[in-house]
Amino acid sequence: MDDEILEQLRERYASGNLIVFAGAGVSAAAGMPTWKQLAERLRDRARRKGADPAVVDEIQQYIASNQLINALSAAKLALGPQDFNWTVDKELDDTGREVPEVAQAIAALKPRLKAVLTTNIDRFLERAFQGEWRMVDRPTADIAMDRRFILKLHGTLRAWDTWVFSRDQYDRAIFGSPLLQDAFGALYRAHSILFVGFGLADDNIDQTLARVRALAGGQPPMHFALLPKGVPPFRRRLLEESGIRLIVYENQAGDHAEVAQLLLGLEPAAAPAQPPPPPRVATPAPAPQPASSAHPTAVPPANTHPAKARPVRVFFSYASRDEELLARLEAHMSPLKREGLIAPWHSGKIGAGEDLERAIGEQLEAADLILLLVSASYLASEQGDAQVARAMERRAAGQAAVVPILLRPCDWETTRFAELQAVPRDKKPVSKWSDEDEAFLQVAREIRAVVTKLRASLR
């Protein structure tokens, strides 16, 4: 291992300008299929479904030559979008699997790391960051100016409409807009990228490196890649011409355990604890002096510790018919309350004898985060309509965040809040999920990400 290159990587991390780009190897460490294994399983399913043998052979040829994006594209064409999406969702579902050590090591870098990019659609990274960083599956033109986010370039699990598996999809989703191309150019030019979990013969990284070369111009910035020993000379040259400094590890056990160790080594070790000072000998206090302009009364030093952010005030706007679903959502959000991150409120907390309209109005005006629990009953409610109107006014004024939560099927996409990102993100209402708790879990994680961002502005 080149100690000089490793030290350069540490410097980039310490500067706050390092981005980790996580490949399929990060998820494979938890037993998930690699892109090649996924393509092979899709090929096998196409064969079992009676696909034309010539089509199956074409998929195999792409796999054999490591043209995995083409292999996935051909498999999608052979199976049809619905069967393809269902199979991928099943194969890449991380439910019940432990977060791999390498994902935890990436999350341990969050004190100075700028962002994480990934081609993985599973949720290991979100779970490793415990919802503290927001997940982005549709990049915006100002993404390069942001920090503390996980950008999922190929989309995210369960949100099938966000998936990107073919070369033309990737070009349209990431580089189809001149504004987005400028944003990614800024990312590649102004920040160092550390590639983790990419194979030596992975056309996914080849495509990314081609973009790096194109966006960086004639003088590419310094990027890094963690790779196992055995990089062929020509491959090494291609990487180095793209501005990639290689950090090669032995991988003696074949499990890539050194990757997590290398990542954890980027964060400086905490300073050793200092021994306690010797006891001070008490000395007589000086005689009190009368207050005067020559001897002003002493002012105690200001508190040097930053004030702790207060909890985010959360207002639930809902219809009475949905009280049962509200209670379940509250249960999934209870860790946020227990951690002191939120102070939730809804009209069910109004005591006997209180002025109902006044209490609701005061809480709605004070809320930092307004959750709209959307159903047909909610849309039919005059009170809900009034609360939506005020919520959107406060959002437009920058006074509150508003998140629609889809509880039951209804025509919500014609409402005034249709422009907002609703959860669950695949626009499938909670009541239509086979496991409603899984839906509420996704919602709670999205809310945690919103709360984390809001708390940063409350300090």
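Guide: Buried means under 20% relative accessible area. Keep that cut-off in hand for this predicted model.

Visitor: How many residues of strand E1 are buried?

Guide: Strand E1 covers residues 18–22. Leu18, Val20 and Ala22 are buried on one side. Ile19 and Phe21 are buried on the other. E1 is therefore largely enclosed by the rest of the structure, and the count is 5 of the 5.

Visitor: Why do the residues of a strand fall on two sides?

Guide: The strand is taken to be regular. Its side chains then go to the two faces of the sheet because they alternate.

Visitor: Which residue in E2 is the bridge partner of Ala22?

Guide: E1 pairs in the parallel sense with E5, residues 192–196, over 5 bridges. There, Leu18 stands opposite Ser192. E1 also pairs with E2, residues 115–118, in the parallel sense over 4 bridges. In E2, the partner of Ala22 is Thr118.

Visitor: Which strands stand at the edges of the open sheet of 4 strands?

Guide: The order is E9-E8-E10-E11, with parallel pairing. Each edge strand has a single partner, so one side is left without a neighbour in the sheet. These are E9 (342–345) and E11 (401–406).

Visitor: At about what angle does helix H15 run to E8?

Guide: Helix H15 spans residues 356–366. H15 lies across E8, E9 and E10. Its angle to E8 is about 130°.

How values were computed. Residues numbered from 1 in each chain as written. Predicted model: local features only at pLDDT ≥ 70, side-chain atom pairs only at ≥ 80, totals over all residues. Heavy atoms only, no water. Pairing = 2+ DSSP bridges. Helix = DSSP H or I, 4+ residues; strand = E, 2+ residues; numbered from the N terminus. Contact = heavy atoms within 4.5 Å. Axes fitted to C-alpha atoms, helices over the stretch in contact; angles between N-to-C directions. Buried < 20%, exposed > 50% of the residue type's maximum accessible area, 1.4 Å probe, protein only.
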